Amino acid sequence: MAAAKIKKGDRVVILSGKDKGKTGEVTKAMPKDGKVVVSGVNIITRHRKPSQTNPQGGLERTEAPLHVSKVAIEDPKDGKPSRVRFEIRDGKKVRVAARSGELING
């Protein structure tokens, strides 16, 4: 299986959709589904009926998953979107921002 290019904790930029241009941190990565959940982005509202666990009911706002192709790693140098490259540095395989050559944390 190929190494994941976007992982939990990465800062990403949204490339398309209603939240285009926004940035956020990946809170959950789902590599098998090819999706990521980004904090503060792609908020959906669900109308919930009152139940025993939630007697008040009302509106529930949550972050929905985005397809991984709609996000790009934020370049550590200038904050713009960048592709990810893998390099071997000091005998370790590391993720590198293709835009600037900077090492990506994580």
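Trainee: In strand 3, which residue is the bridge partner of Val26?

Mentor: In this predicted model, Val26 has Val38 in strand 3 as its bridge partner. That pair belongs to the antiparallel pairing of strand 2 and strand 3, which runs over 4 bridges.

Trainee: And what happens in the hairpin of strand 2 and strand 3?

Mentor: There are 4 residues between the strands, and Gly34 takes a positive phi near 70 degrees.

Trainee: How many strands form the sheet, and in what order?

Mentor: Follow the pairings from strand to strand. Here 6 strands make an open sheet, ordered 6-3-2-1-7-8, with antiparallel pairing. Strand 6 (66–67) and strand 8 (81–82) are the edge strands, each pairing on one side only. Beside strand 6 lies strand 3 (residues 35–38), joined to strand 6 over 2 bridges in the antiparallel sense; Lys35 has His67 as its bridge partner there. Strand 2 (residues 23–30) also pairs with strand 1 (residues 11–14), over 3 bridges, and Arg11 stands opposite Glu25.

Trainee: How should I think about where the side chains go in a strand?

Mentor: The general idea is that side chains in a regular strand alternate between the two faces of the sheet. For this structure, look at the largest nonpolar core, which has 13 residues. Those touching the most other members are Ile6, Val12, Ile14, Val36, Val38, Leu66 and Val71. Strand 1, strand 3 and strand 7 (71–74) each supply at least two residues of this core.

Trainee: Back to Val38: which residues is Val38 in contact with, leaving aside neighbours within four places in sequence?

Mentor: Its contacts include Val12, Ile14, Leu66 and Val71, along with Val26, the bridge partner we started from. Gly24, Glu25, Thr27 and Glu63 are also in contact with Val38.

Note on methods. Residues are numbered from 1 along each chain as its sequence is written. This is a predicted model: local features need pLDDT of at least 70, side-chain atom pairs count only at pLDDT 80 or more; totals for chains, interfaces and linings use all residues. Side-chain values use heavy atoms; hydrogens and water are left out. Two strands pair if DSSP finds at least two bridges between them. A nonpolar core is a set of buried Ala, Val, Leu, Ile, Met, Phe, Trp, Tyr and Cys residues joined through side-chain atoms within 4.5 Å. Buried means under 20% relative accessible area, exposed over 50%, partly exposed in between (1.4 Å probe, protein chains only). Contact means heavy atoms within 4.5 Å.
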